[in-house]
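Here is the note you asked for on this model. Please read it with the coordinates open.

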Amino acid sequence: MSLVKKIMNARLNYDGHDYEFPILEGTQGERALDIRTLRKNTGLVTFDPGMVNSGVCESNITFVDGDKGILRYRGYDIADLAEHCSFLEVAYLLVHGFLPTPAEYNAFSKLMNLHSLLHENMRNFFNLYPDHAHPMAMLSAMVVSLSTFYPELELDPTEAIDITVARLLSKLRTIAAFSYKKYMGHPIVYPRADLRYCENFLNMMFYTPVNDYAPDPVITRALNQLLILHADHEQNCSTTVVRGVGSSRANLYASISAGVCALWGPLHGGANQQVVEMLEEAMKSGLSPRTLVEKAKDRNNNFRLYGFGHRVYKTYDPRAKVAKKICKSVLNHLNHNDPFLEFAQELEDIALNDSFFQERHLYPNVDFYTGLSYRAMGIPINMFTVMFAIGRLPGWIAQWLEQHDDTAQRIVRPRQIYVGPELRTVADSLASTPYTHPATK
Ligand code: CMC
């Protein structure tokens, strides 16, 4: 049942006629102009590149207030969740709408263990990629390949949802760790039933036959917190892709695989890799934080300060606040006097006090400090966006399920304003050009 209220009408006067459109209001007072009858009644479409002004669904999963810097999953504040919950509890919350009881948590945890192995044939896929293969490419391919090994979901997407969620969450973690081992050329490490979600991941990443790795509780907690920060962010680019693919009734695996590709882009989740590469490059070549800021302001230069700016947040990203704290605690714990952190903080201070950044409301986003933490944990740079994908997975699943059950949703099929040539014929074109088409030779 829809919780959106119609509160008044707005009037459009166009071509001598008046048209009325409802104004809708969500549970947090967010208002929207309902233009569902626009094209049918007026012949007009809306023009909104990047969907900057377009609401595409009702959702009860995540609330963002970009002006106040608020982010809540199912009503819980992000800092509250990061402080008091594990990633698995938050994953459960996103998918089910409520935090698990201890019994529910244990049952979910058990399912995670049961489904953590990869089919051995899938393990062989890793051998066929070139050594330099980016883990995001492997991740996307592996996720869609899961549909060939575990097709149950395609038959009934709702029946086995807990199993599917556990399978995806658990196997994504295994795939990610295997792709790291492939990159290192080391033997893979299988998941263990006695370890919890994040410990298991760290063990699969860092245990080797010559290094008896024991997961560090401080690092495990930090990883849980970082994954919670990534877990959902309403209608962002990759989630929109997941929903878009799902709108054609493609299965969950296919939709998530597409979401992984969207996340890879440097303007989205790929920014965490870009941030650290940008800082490394600057420090290597002796560029100061101020020079980086000046470069980002130069209108004749495409360079952007990665980890800064956001479509929705016009104030400090609440995830970046928590990420900065996590970063400091990880570095402190590891006794890591990282010149990177100092450089990053100086960059942040200069940007925050610069009128270019102030006028455009550009603040550090979630990717600014998360990469520094991953780096300190020993995770290689090209795995950073994979970490983001592991975190974002429960959000993608929850959004896909919500759309699946939403009877108001239709196949995503936007319109355009055509600006190409008018009707012409091949014969006329051939007659007016000296070029001879191969088919007429
Ligand atoms: N550095 C320098 N200038 C910037 C930046 C930046 N990072 N971000 C935006 N601007 C400027 C931009 O040039 C434009 O200036 P002007 O008005 O003079 O043309 C203005 O700010 C508005 O930018 P926009 O590109 O229209 O904003 P958008 O909402 O379309 O893009 C963004 C949002 C996140 C893609 C953009 O801020 C950006 O490219 N940031 C760097 C990449 C990044 O850190 N991405 C991670 C986003 S948060 C995590 C996630 O979504 O996955």
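1. Basis. The model is predicted, and local features need pLDDT of at least 70, side-chain atom pairs count only at pLDDT 80 or more, and totals for chains, interfaces and linings use all residues. Residues are numbered from 1 along each chain as its sequence is written, and side-chain values use heavy atoms, with hydrogens and water left out.

2. Overall form. The chain has 20 helices and six strands, both being DSSP runs numbered from the N terminus (helices H or I, at least four residues; strands E, at least two). Along the principal axes, the C-alpha atoms fill a box of roughly 75 × 65 × 55 Å.

3. Ligand shell. The ligand is surrounded by 22 residues, and the closest are His 268, Arg 304, Leu 305, Gly 307 and Arg 311. A residue counts here if one of its heavy atoms lies within 4 Å of the molecule. The shell has eleven nonpolar, six polar and five charged residues. In this scheme Ala, Val, Leu, Ile, Met, Phe, Trp, Tyr, Cys and Pro are nonpolar, Asp, Glu, Lys and Arg are charged, and the others, Gly among them, are polar.

4. A polar side-chain atom of His 268 is 2.6 Å from a ligand oxygen atom. For Arg 311 the distance from a polar side-chain atom to a ligand oxygen is 2.8 Å, and for an N or O atom in the side chain of Arg 360 it is 3.0 Å. On its own the ligand has 930 Å² of accessible area, of which the protein covers 75% (Shrake-Rupley method, 1.4 Å probe).

5. Cavity. The whole structure holds one cavity of 30 Å³ or more. On a 1 Å grid over the protein atoms alone, a cavity is a set of points where a 1.4 Å probe fits but cannot get out; a pocket is an open set with protein on both sides within 12 Å along at least five of seven lines, and lining residues have an atom within 4 Å of a point. The largest cavity contains about 50 Å³ of space. Its lining includes Arg 173, Arg 196 and Tyr 197. α4 (102-114) and α9 (197-206) each give two or more residues to this lining, and α4 gives the largest share, three.

6. Second largest pocket. Its volume is about 190 Å³, a volume being the space filled by probe spheres set on the grid points. α2 (78-84), α10 (217-230) and α15 (318-333) each supply at least two lining residues; α15 gives the most, five. The lining has seven nonpolar, two polar and three charged residues, among them Glu 83, Arg 221 and Lys 325.

Definitions and conventions: A polar contact is a pair of N or O atoms within 3.5 Å; within protein, one must be able to donate a hydrogen and the other to accept it, and residues adjacent in sequence count only if both atoms are side-chain atoms.
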